[in-house]
Amino acid sequence: MPSTDHSAAPPALAMHGLIKDFGGVRALDGAEFEVGPGEIHGLVGQNGAGKSTLIKVLAGIYRPDEGRIAIDGQPVTDLTPHQVDQLGIQFIHQDRLLVPSFTVGEAVFLGREHTAAGLLARRRMEREARALITEQFGVELPKGALISELTTAQQQLVQIVRALAQKPRILVFDEPTAALVKREVDRLFAIIERLRGQGITIVYISHYLQEIERLCDRVTVLRNGRHVGTVSPAATPAREIARMMVARDLGELFPKRQVAPGAPALAVRNLARRPHLQEVSFTLRRGEILGVTGLLGSGVKELVRLLFGLDRPDAGQIEFGGQVATLGNPAAAVARGMALVPEDRRGQGVALDASVRDNTTLASLDRFVRGGLVRRAEEDGETRRLIEELRIRTPGPDTAVRDLSGGNQQKVVIAKWLARRSEVYLLDEPTVGVDIAAKVEIYRLIGELVERGAAVLLVSSDLDELAGIADRILVLYRGAVVRELPAENASSDALLAWSTGAMEAA
Amino acid sequence: MAQATLPTAQHRRRLPDLVFQMGLPLALLLVVLFFAWSSPAFLVPSNLESVLVNNFTLLAIVSIAMTLAVASGGIDLSVGTALDFASLLFVSLIAAGQPFGIALLAGLLGGLAAGLFNAFLIVALGITPFLATLGTLFIGRSVQQLTTGGGIPIYLSKAKVPEAATFLAHGDILGIATPLWVVASLIILFTVLLRATPFGRRVTAIGVQPAVAWYSGLPVRRDLVLVYLLSALVAAVAGLMLSATVNAYVPSSGNAFLLNAIGATFIGTTLDRRGRPNVPGTVLGVLLLAVVANGLLLIGWNFYWQQVGTGVLIFLVLVASFASRRWRKAA
Amino acid sequence: MSTVIEQAGGERADLRRLGALALRAGSLLAFVAVLVFFSATAPFFLSFFNFTNVIAQSAILAILAFGMTVVIIGGGGNVVTGGIDLSVAANLGLCAAVYAALIQAGQGDATAILTTMATGLAVGAANAFAVVAVGILPLLATLAVMNVAAGLELVLTENTVLSASTPFLMAINNVGPFGVPNLAWILLVVAVVLILLVQFTPVGLRLQAVGEHREAARAAGLPVARYVAATYLVSGLFAALGAILSVAYLSGSSTGSAELLLGVVVTALLGVVFSRRLVPTIGGTLLAALFIGFLGNGFQLLNISSYWVSGVQGALILLVVAATSVLRRKES
């Protein structure tokens, strides 16, 4: 990665000595962040390290208690979102933040609409927005499409164009690849590099150290609200960066265990659901982690939904312990011992406004019933036991799950199924949006699950993760299993090649 | 955000939390004290009993029905309809010479019919509860108008009123009016149901985040059907009590309770730590409304100013509770 | 660099679009079908006089519903947690009482109009305060305000009808240019202005953004709180406007606003089906108000008992909502 000489020009962004308190919590403790002009600068840190607070301070949403901020060498004080906008800093948020029923033109120009005699010039805005997108990304969006009709990746393009329409000097990308598949990620990277070529400074926040490695000139690591170091990813291995993030050696990123696969827990025969799932068959054994991956539209999501009773198959069967099962709804699946850790953790995995205890016992209330009533004390006991066993970092079982970090929230989801004593776990992108230390813990947890005899189906688009954890991996392509590999033979390159259809089916 | 120092922060928040959770009981206490001071006729046992029996009982029962629906994440605008259907069938059958027991059963079934319709709309058709029960409300109104030829009440002559009905409405057990026994039983029953039974816990979970309940394998559909059936059933009980009290069926009398029931239910959420609908809170809300109505009457307020007074009070209690919640969140 | 032509988000998008189109087309078809049916079966239905009369009679309901629609647009779709203004009918009653009382006390129309508008705005301000400043759920806040407004109205009128009649009021209730009643003209003008404002100006677009995706609106730098507060003020203002029309129409104040409120809610909700993107719009609300007006009128002319009206309205809501929710289910 070409590294630019920053010594001549002032830094595009310089934030020094930032302190920010929230009640009793110190989110930023003298944080430093300096970005050179025209570089792609990564920002990493665990959840709670202060990344999002720092960015919100930059966005003018929070006012720092102390500290100095300078943009292009000019000091600025009392930033408001409006000012930040004027100063040429734009943000590509993690959540799309586009109005679903708007057209592309309306979404791009909201707040800066083109008018003719006071009325909206809709056609002009639409034309201009589409032209911008084609010019910048070489992509032509479907005509007249509403935001709600676009894919996540397409929506992101609209987001980026909206930001670009303001002619920004600095673009901040916040976890942009969370919902993207590899092809879209590559496209995004090409776009970012082209933007850098146009002279825009890029700040890139991500949990994916591989991406930081690929993309960034330099990366700043935050920990506990402080600046730990700014290094060049080319010279620093991911493991070292991870160590800087957590101040200890994480050891093996993917803890290995030896478990002999047992009896079949789940068997799928010729399962199909139009239009994406054509035909899939496999067997999942106890004690085994079966990885499943595939591009958007390859049928992976449909498979998960079928296995959990969210949809009904057009053809094929699902068998539990040799018996065919009809899963009309999730309750039926759960009754058979299935557990789902959904991709949408905050919307489907945990009830954010409920306590850790209420979430943990949600699927197993009947266990705690004596005399027709649910016994609080027993619920509490079991919750505490699970908190300890899973090392969930929370002040107590009464804490609202909303107050936990992403990784801990995910552990609560797993705790819910452990309390239910589920036997087959469907994990759908379980480590998305989870920081590196929590990821390792979750991998450890998954390992423990199978050691205890559960069967795990792990859906992931993180190919390194799959290669590192799974025993076997199924690659789906256009609705069918195009390849099944044992983990030893799986490299992320091979997996990628198979999932994009670049290799012939064996 | 990592909560390394959270315990301290949470600790600091607990005291104000408690104070504002006590807002409703405090308001009630203040109101009672105020009226006791303003009018000698207020704190008299016969007046208090009258308040409870006349202003409190029916509204409390309807509000319990509403609380159940709201706790499940929906709302039941047709509680008045269930009340009226029950009343209609009960009085009609008595007038036709049927025994008390049969008429009672018919009344409950009548109310249940409204609930079944709601359940069908909401669970089978997936219509949002506000609109579904609004539709039931509209249709229920038409049904009543059609069956009574335009809203003509059905009166029971003194001779026809069964003893059991008179006992239900005007009798007493151990010195306490029967209606109060009915209300008290329902209050205890539903407090326990919502708070401590698995069904109640599931309903609360559905109300807090329905998607998570579904994805956790809870029998959401079945539970929602039960919720709306129960809600209608409880409202039907109110209808029966009303008819037993006035010995008549007056069409669309149920709707008078609707708005106050909603108000009481939501005021009642202030009692709960997480702001969730709960039966004790609702009951206190109804009590507040009843006491204010009675008190204003006793201190000689014009009937029309009473409504203003009650309205302003509800407004203030809501402002206090929501403002405090916001204040706490910002802290 | 080669251009890649992108597909939309899969078949779901196409299905939903088709569904929305079908629903809108179907609703319009239903509207037309109803008109045709009544023209064929009801005497005097298809007369200029009757048509314009219905439009005039729908004016008050429609104008109230416009205010409600603005609140719903700015507050988001969910009826329980989103924007709604239950106080519009009681507000109208109060404003009408204020107007009539002032006329009876010998004040002129100008004073009465100004005071009435101020009253409507005051009620709207109370709503705005409760919802935006305090953060009370709109359903609750407007319910509480409604109670107070209804109470104040009763205080003013003592549950009687206050009659009021001035040349100005009579003019409103009269027939205007081209033999079309002035009420209908007023409705037309108000509708056109509002449609322009809401659907075709930046302010309107931003309001839709505020209602539909608050976070996105904030990220775009829009003053969300101000927009939401404004919607309640608008709603209050429209209640006042409706009140003046109502006093003209009834030659005085009226009692009992519960019926009116339900009608306004039905109208605003029904309006969604008549819009292209299945979101609340002024045009859709206008069509809904007219639909309900013609339905009631047809029933009357056919001598169908008015007892059926409520039930039919209820069935309508349910049909519409069932259809839209089936569509929404397909996408989730």
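Modeller: Happy to! Where they meet, 13 residues of domain 1 of chain A are in contact with 11 residues of domain 2 of chain A, contact meaning that the C-beta atoms of two residues, placed from the backbone, lie within 7 Å. Please keep in mind that this is a predicted model, in which local features need pLDDT of at least 70 and side-chain atom pairs count only at pLDDT 80 or more, while totals for chains, interfaces and linings use all residues. Residues are numbered from 1 along each chain as its sequence is written, and chains are lettered from A and ligands numbered from 1 in the order in which they are written.

Now to the side that domain 1 of chain A turns to domain 2 of chain A. Helix H6 (182-197), helix H7 (209-215) and helix H8 (238-246) of chain A are the elements giving two or more residues to it; helices (H or I, at least four residues) are DSSP runs, numbered from the N terminus. H8(A) supplies the largest share, three residues. Sorted by class, this side of domain 1 has six nonpolar, four polar and three charged residues. Here Ala, Val, Leu, Ile, Met, Phe, Trp, Tyr, Cys and Pro count as nonpolar, Asp, Glu, Lys and Arg as charged, and the others, Gly among them, as polar.
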